[in-house]
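Q: I would like to learn how to read helices, pockets and salt bridges from a set of coordinates. Please take one feature at a time.

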Amino acid sequence: MQAFGRAPELQAGKIQEVAARSAVLGKVVEMMLTKDPRRRISSAELANELQPGSGGRTTSFSDPLLESLSGVSMHEIKAVHKLRGELDDVDLSEIPDHIGGGLALLRIVRYGPTSILSIEYVQTMLAAREKLGSDAIYSQIMEERLSMSTLPGTAEAHAATWQTNDWVSTDAEGDLLIFLRWGASIPSRVLAEFPLEQYARWNVYRVEAYAMLLDQLSRRARKVVRHRILLDANGFSFASRKLSPYFKEYRTTSNTVLRGGWANLYILNVNTIA
């Protein structure tokens with residue numbers, strides 16, 4: 001290991017050089033050098049990974065995309081492979097990559113407590129997508145080249161005082177920043193001009209677009225990108241409780257269709273709540 005030096009820059013360069021020759025070996029070296037003891041590979045695990053035919057990495061576990069991402073362990077790649085095999089009643093090749101591809105499945109196994117619950121989640125997600133017509137929405141987004149700001153329902157929501165910016169920027173970690181100015185909403189106008197049924201339909205478009213965007217940003221950043229929500233509470237009052245079904249709808253749809261996409265929620269201007 002002395003050949004890799006102690007300087008982080010030198011180690012990063014060596015890892016990149018090794019990975020260029022072998023993605024599998026590059027991942028092994030990265031796990032050997034990591035400062036995080038939870039991700040550092042042990043000598044026994046190293047021998048198991050590099051010994052052919054003894055349960056270590058074989059060509060059946062090869063996943064060039066996941067192997068190219070930083071912060072992804074071999075254990076996680078194997079878990080994704082296992083999940084694919086256990087979904088024997090699902091043809092993943094017919095599902096869009098941002099839902100059934102390696103990155104999407106990685107989020108599920110990474111943030112799912114057990115493999116059984118991961119399988120149940122995928123089955124629940126696919127059933128929900130069929131009920132909501134998510135595949136048709138995905139096709140519409142692609143065919144009409146819709147953006148977060150031009151999704152059907154966005155203009156109507158903003159006109160009814162439901163203020164959002166679903167892609168403000170990305171932070172220093174590369175995660176997507178979403179700004180929700182819910183405190184500025186006028187409950188009476190939202191209820192009258194943008195009913196819950198209409199909001200729910202708009203939300204399906206938004207979550208589909210979130211999933212597509214996170215998939216593309218992750219591929220570009222070579223890491224698992226998630227989204228962070230900035231919720232401005234300035235203007236919240238007792239009357240805002242009338243909008244609680246809208247808040248619940250947002251959370252439910254996001255958790256059902258986009259598992260592991262939500263990193264953090266930051267509530268701003270809490271002291272201004274009346």
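Q: Which residues of H5 are buried?
A: Buried means under 20% relative accessible area, exposed over 50%, and partly exposed in between (1.4 Å probe, protein chains only). In H5 the buried residues are Met74, Glu76, Ile77, Lys78, Val80 and Leu83. This is a predicted model, where local features need pLDDT of at least 70 and side-chain atom pairs count only at pLDDT 80 or more, while totals for chains, interfaces and linings use all residues. Residues are numbered from 1 along each chain as its sequence is written, and side-chain values use heavy atoms, with hydrogens and water left out.

Q: What span should helix H5 have at 1.5 Å a residue?
A: Helices (H or I, at least four residues) and strands (E, at least two) are DSSP runs, numbered from the N terminus. The expected span is 1.5 Å times one less than the number of residues. Helix H5 covers residues 74–86, and its 13 residues should span 18 Å; the end C-alpha atoms are 18 Å apart, which agrees.

Q: How many salt bridges does a search of the whole structure find?
A: Side chains of opposite charge can pair when their charged atoms come close. The criterion is a side-chain nitrogen of Lys or Arg within 4 Å of a carboxyl oxygen of Asp or Glu. The search finds 10 salt bridges. One of them joins Glu76 and Arg110 at 2.7 Å, N to O. This pair links distant parts of the chain, with Glu76 in helix H5 and Arg110 in helix H7 (residues 102–111), 34 residues apart.

Q: Is Glu76 buried or exposed?
A: Glu76 counts as buried because its relative accessibility is 14%.

Q: Where do Asp175 and Arg228 lie?
A: The side chains of Asp175 and Arg228 meet in a salt bridge of 2.9 Å, N to O. Asp175 is in the loop between strand E1 (163–170) and strand E2 (176–181), and Arg228 is in strand E3 (residues 227–232), so the pair ties together parts 53 residues apart in sequence. Asp175 is buried, with a relative accessible area of 5%, and Arg228 is buried at 15%.

Q: Which residues lie nearest the centre of the largest pocket?
A: On a 1 Å grid over the protein atoms alone, a pocket is an open set of points where a 1.4 Å probe fits, with protein on both sides within 12 Å along at least five of seven lines; lining residues have an atom within 4 Å of a point. Of the 13 lining residues, Ile141, Leu146, Ser147, Met212 and Leu213 lie nearest the centre. H12 gives the largest share of the lining, 6 residues.
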